[in-house]
Amino acid sequence: MNYELAKKLRDAGTHRNIGSGAGLDKGDLAVPSINSVIEAKNQATVHLLNWWTQAKSQALHDQIPILAIRNPEHAEFDETLVVLSLPDMIKLIKGNSKQEISQSLSWEQKNKLQRLITAAKDIINHFDNTV
């Protein structure tokens with residue numbers, strides 16, 4: 001799953017960590033452009049909290065841990081779910097990563113990304129105003 005995920009990310013800096021966990025590089029994929037490490041899971045039984053703990057422990061320094069889980073009820077990549085913490089999601093939305101990522105995207109992908117960012121900002125503003 002992690003090879004296919006790396007191909008889909010299309011980020012020149014993204015690389016698989018062969019034998020992940022054994023050396024300094026932890027996690028299955030490193031995505032330097034957004035300072036993230038991805039732990040990819042492709043198993044019939046989902047162990048969300050255990051896997052999330054593993055993903056967090058594999059993030060070095062200030063890396064953002066991301067957990068990618070293939071939905072076992074669907075064909076691979078028909079539905080892959082992504083887990084990250086709300087503070088890390090906010091970092092990604094507010095950070096400079098938008099510009100770096102968007103350089104490798106098609107116009108349609110950039111448009112979808114912009115709509116996602118706008119929707120996420122609306123949600124964050126809603127919660128900021130209700131607290």
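## What covers helix H2

The cover over the buried residues of helix H2 includes strand E3 (36–41), strand E4 (64–70) and strand E5 (80–83). Helices (H or I, at least four residues) and strands (E, at least two) are DSSP runs, numbered from the N terminus. This is a predicted model, where local features need pLDDT of at least 70 and side-chain atom pairs count only at pLDDT 80 or more, while totals for chains, interfaces and linings use all residues. Residues are numbered from 1 along each chain as its sequence is written, and side-chain values use heavy atoms, with hydrogens and water left out.

## The chain as a whole

The protein chain holds 5 helices and 5 strands. Along the sequence they follow the pattern α-β-β-β-α-β-β-α-α-α. Of the 131 residues in the chain, 29% are buried. Buried means under 20% relative accessible area, exposed over 50%, and partly exposed in between (1.4 Å probe, protein chains only).

The accessible surface of the chain is about 8600 Å². Carbon and sulfur atoms account for 54% of that surface. The areas come from the Shrake-Rupley method with a 1.4 Å probe; for residues, only the protein chains shown count as cover. Contacts (heavy atoms within 4.5 Å) also reach along the sequence. Among the chain's contacts with a separation of 6 or more, 44% join residues 24 or more positions apart.

H2 spans residues 48–58. Its buried residues are Trp-51, Trp-52, Ala-55 and Gln-58. Seen down the axis of H2, these buried residues fall within an arc of 130°, so they line one face of the helix. The arc is that of the directions from the helix axis to the C-beta atoms.

The face of H2 turned away from this buried side looks different in its residues. Leu-49, Asn-50 and Ser-57 sit there, and they are exposed.

E3 is mostly covered, with 6 of its 6 residues buried. Ser-36, Ile-38 and Ala-40 point one way from the strand. Val-37, Glu-39 and Lys-41 point the other way. In a regular strand the side chains alternate between the two faces of the sheet.

E3 has strand E2 (residues 29–31) as an antiparallel partner, joined by 3 bridges. Two strands pair if DSSP finds at least two bridges between them. Val-31 has Ser-36 of E3 as its bridge partner. E3 also pairs with E4, in the parallel sense, over 6 bridges. The chain crosses from E3 through H2 to E4, and this β-α-β crossover is right-handed. That means that, with the strands pointing away from the viewer, the path from the first strand over the helix to the second runs clockwise. Ser-36 stands opposite Ile-64 in E4. Ile-38 stands opposite Ile-66 in E4.

## Strand E4, covered on both faces

In E4, 7 of its 7 residues are buried, and the strand is mostly covered. One side carries Ile-64, Ile-66, Ala-68 and Arg-70.

In E5, Val-83 is the bridge partner of Leu-67.

## Loops with a positive phi

Most residues other than glycine have a negative phi, and most peptide bonds are trans. Asn-35 is not a glycine, yet its phi is positive, at about 50°. Asn-35 lies in the loop between E2 and E3. The hairpin of these two strands has 4 residues between the strands. Asn-35 is partly exposed, with a relative accessible area of 28%.

His-61 also has a positive phi, near 50°, and is a residue other than glycine. His-61 sits in the loop between H2 and E4. At 84% relative accessibility, His-61 counts as exposed.

## A link across the sequence

Pro-32 lies in the loop between E2 and E3. Pro-32 is partly exposed, with a relative accessible area of 49%. Its C-alpha atom is separated by 8.8 Å from that of Gln-63, a residue 31 residues apart from Pro-32 along the chain.
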